[in-house]
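This report walks through a two-chain model. Keep the sequence and the coordinates open while reading.

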Amino acid sequence: MSDTTANGGRESALLRFLWKTVKLLATVALTFLGLLLATFLIGRVVPVDPVLAVIGDRAPQSVYDRVYVELGLDRPLYEQFWLYLEKVFTGDFGQSFLTKRDIVDDIRRVFPATLELATVAILIGTLFGIPLGVWAAVRQGRFADQFVRVFGLIGYSAPIFWLGLLGLLVFYARLHWVAGPGRIDIAYEYSITAKTGLLLLDSAMQGEWDAFKNVFSHIILPASLLGYFSMAYISRMTRSFMLNELAQEYVTTARVKGVPEWRIIWVHALGNAAVPLVTVVALSYANLLEGSVLTETVFAWPGLGQYLTNSLQNADMNAVLGGTLVIGAIFVGLNLLSDLLYNLLDPRVRRHA
Amino acid sequence: MSALLTVDDLRITFPTRQGPSEVVRGVTFTLGRERLGIVGESGSGKSQTGRAILGLTPAPGKATAKVLDFDGTDLRAATPAMWRKLRGTRMSMVMQDPKFSLNPVMTIGKQLLEALKFGAGETRAEATARALAMLEAVQIRDPERVFRAYPHELSGGMGQRAMIAMMLVTEPDLLIADEPTSALDVTVQVEVLRILDRLVRERGMGLIFISHDLRLVSSFCDRVLVMYAGRVVEELKASELKQARHPYTRGLMNCLPQIEGGVRPLPTLERDAAWAR
């Protein structure tokens, strides 16, 4: 009898899971629609003439009028939005005014650079930030706590371009520990074919270990700097979440049971602190994925931040809107991911969602 | 009866901005394998007394005593490793509210097994069997379901039973119950108390029952300590509560509402700074 109830429980759990997935997807779709509407409206409001962006400012009036109609600018706004949606769904974001290439191709080129940098950075930030935060919380008010606080404060307050230049000066120019600006040395650039655009991944998959080493030595300094930034934030949040958890009664219960201190800290308290930490890490990651203009400039990193800044300064609206959409999609995607992680980490969410 | 626990001149001090503040001031008592109640209002130091016996005085508080002896072990000199061993196997504590005292992201089963894992050395299967038997002993009808459940999936009464199971599964000699029923409905309170009472008597444990409920304590314990402002102001047998002499205890008794012939309105509890001296 207990068997049948167990099965019934599993079936309804499956149904519940499916229903939740459907709801989640619907939410994502709606969010995207809102995002598209927002970018569309921004595109209409900015004082940049989309026709001039296509034909240049020396074309005759007749060409202007024809393109005006071709772009659908004579139609009512909702029809224009519909046209915009159609284009976006076929992957057509228009052409860049600056590079004269499709926006999609441009983004395909610059986004992997940012993705790679951000991912290595968030790994560094999380792998150091969480243990440091835990350590500071456990040693609250003692030397370790002060040390982590000051270390984090420097990460917060030092301008990143300054740290970047200093890092280049010390580790590249003087000590020769790392490679300089750029993603890869020219010598290796053509030894790997771009598949994912993530050079670490591409070179490893193709067994080009020399190229891999070169890429790694290029990425480690900017990634460490960005990672230091997110580490400062993550360790601070970890510390406060952990202090909150360590003061809870269930920690006393565990102590009364004779559970060793390491397990109380890393399993009981961190298990609970992990739930809000997911949001913190996801937000840090999203921030990194937007591209950091300063870091990308200092390290000549051809990423999304540089691309967007350039486009914005040159009123290249198609590129700006395309990039905005990508960033929006990243936020939606990461929110989705953290929702799923919540489910995994917190049984209370599993029930109520 | 040989003493299981001897406490002499227990003092607990917390540093504050205005200098050290003593919240427990010279508590002395002995406990055999009996049920001792500690009553007092909030802030009287009863909970801190219980925690100090388990070595769980929260930092930056400090507990000192002339004697703090548990079955021949001097607790004042206990190292962290010794504490862990004692706590896991020989002394334990049931806390007030299972909503807070159980880890919300861990199943009851896992939390129960944890008590055994770091206590006695036995296989996982043996431990699971023992844990399930313990859940049955606290009158949980479907122990397997509760074993797999998370704390939020249980009612308050159910959670507190699971808590009691967790604390008794290693068969300790001393149990401290710190307001174990204050967070429960009145009807559930009686049930949980009955379970606790039966288990404590069957296993011949020493019990310290901490409560602010004088009537509950007197019906449930053999002896009662009345605490006020960090001191024991009176110690008496539960059956002789009516003959209490200390004005504070008398005051507490007078505050209990009577079904017939009681005083209305209930008298205000009188306090005298001299009692704290």
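Two strands pair if DSSP finds at least two bridges between them. Strands (E, at least two residues) and helices (H or I, at least four residues) are DSSP runs, numbered from the N terminus. The model is predicted: local features need pLDDT of at least 70, side-chain atom pairs count only at pLDDT 80 or more, and totals for chains, interfaces and linings use all residues. Residues are numbered from 1 along each chain as its sequence is written, and chains are lettered from A and ligands numbered from 1 in the order in which they are written.

**The sheet of chain B**

Chain B holds an open sheet of 6 strands, in the order 7-8-9-3-10-11. Its pairing is mixed. Strand 7 (91-94) and strand 11 (231-237) of chain B are the edges, each pairing on one side only. Neighbouring strands are turned by 20° against each other on average, direction ignored; the axes behind this angle are lines fitted to C-alpha atoms.

| Strands of chain B | Sense | Bridges | One bridge pair |
|---|---|---|---|
| Strand 7 and strand 8 | parallel | 4 bridges | B:M91 and B:L174 |
| Strand 8 and strand 9 | parallel | 5 bridges | B:I176 and B:I208 |
| Strand 3 and strand 9 | parallel | 5 bridges | B:L36 and B:I208 |

How many residues of strand 8 of chain B are buried? The count is 5 of the 5, so strand 8 is largely enclosed by the rest of the structure. A residue is buried if 20 or more other C-beta atoms lie within 10 Å of its own, exposed if 12 or fewer, and partly exposed in between, with C-beta atoms placed from the backbone. B:L174, B:I176 and B:D178 point one way from strand 8. B:L175 and B:A177 point the other way.

**Helix 8 of chain B**

Helix 8 of chain B covers residues 186-203, 18 residues in total. From first C-alpha to last it reaches 26 Å, close to the 26 Å expected at 1.5 Å a residue. The expected span is 1.5 Å times one less than the number of residues.

Its buried residues are B:V192, B:I195, B:L196, B:L199 and B:V200. Seen down the axis of helix 8, the buried residues fall within an arc of 125°, so they line one face of the helix. That arc is taken over the directions from the helix axis to the C-beta atoms. On the other side, B:V186, B:T187, B:R194, B:R201 and B:E202 are exposed.

What covers the buried residues of helix 8 of chain B? The cover includes strand 3 (35-39), helix 5 (124-137), helix 7 (156-168), strand 8 (174-178) and strand 9 (206-211) of chain B. After helix 8 comes B:G204, with a positive phi near 60°.

**Backbone details in chain B**

B:E179 lies in the loop between strand 8 and helix 8 of chain B. Its phi is near 50°, a positive value in a residue other than glycine. B:E179 is partly exposed, with 19 other C-beta atoms within 10 Å.

B:D71 sits in the loop between strand 5 (67-70) and strand 6 (73-74) of chain B. It is not a glycine, yet its phi is positive, about 50°. B:D71 is partly exposed, with 15 other C-beta atoms within 10 Å.

The peptide bond from B:A59 to B:P60 is cis, with omega near 0°. B:P60 lies in the loop between helix 1 (46-53) and strand 4 (62-64) of chain B.

Chain A has 16 helices and 0 strands. Its C-alpha trace spans about 85 × 65 × 40 Å along the principal axes. Of the 353 residues in chain A, 35% are buried.

A:V63 belongs to helix 3 (residues 61-70) of chain A. A:V63 is partly exposed, with 14 other C-beta atoms within 10 Å.

The contact between the chains takes 18 residues from chain A and 24 residues from chain B. Two residues are in contact if their C-beta atoms, placed from the backbone, lie within 7 Å. On the side of chain A that touches chain B, the elements giving two or more residues are helix 11 (249-256), helix 12 (261-289) and helix 16 (347-352) of chain A. Helix 11 of chain A gives the most, with 6 residues.

Terms used
Axes fitted to C-alpha atoms, helices over the stretch in contact; angles between N-to-C directions.
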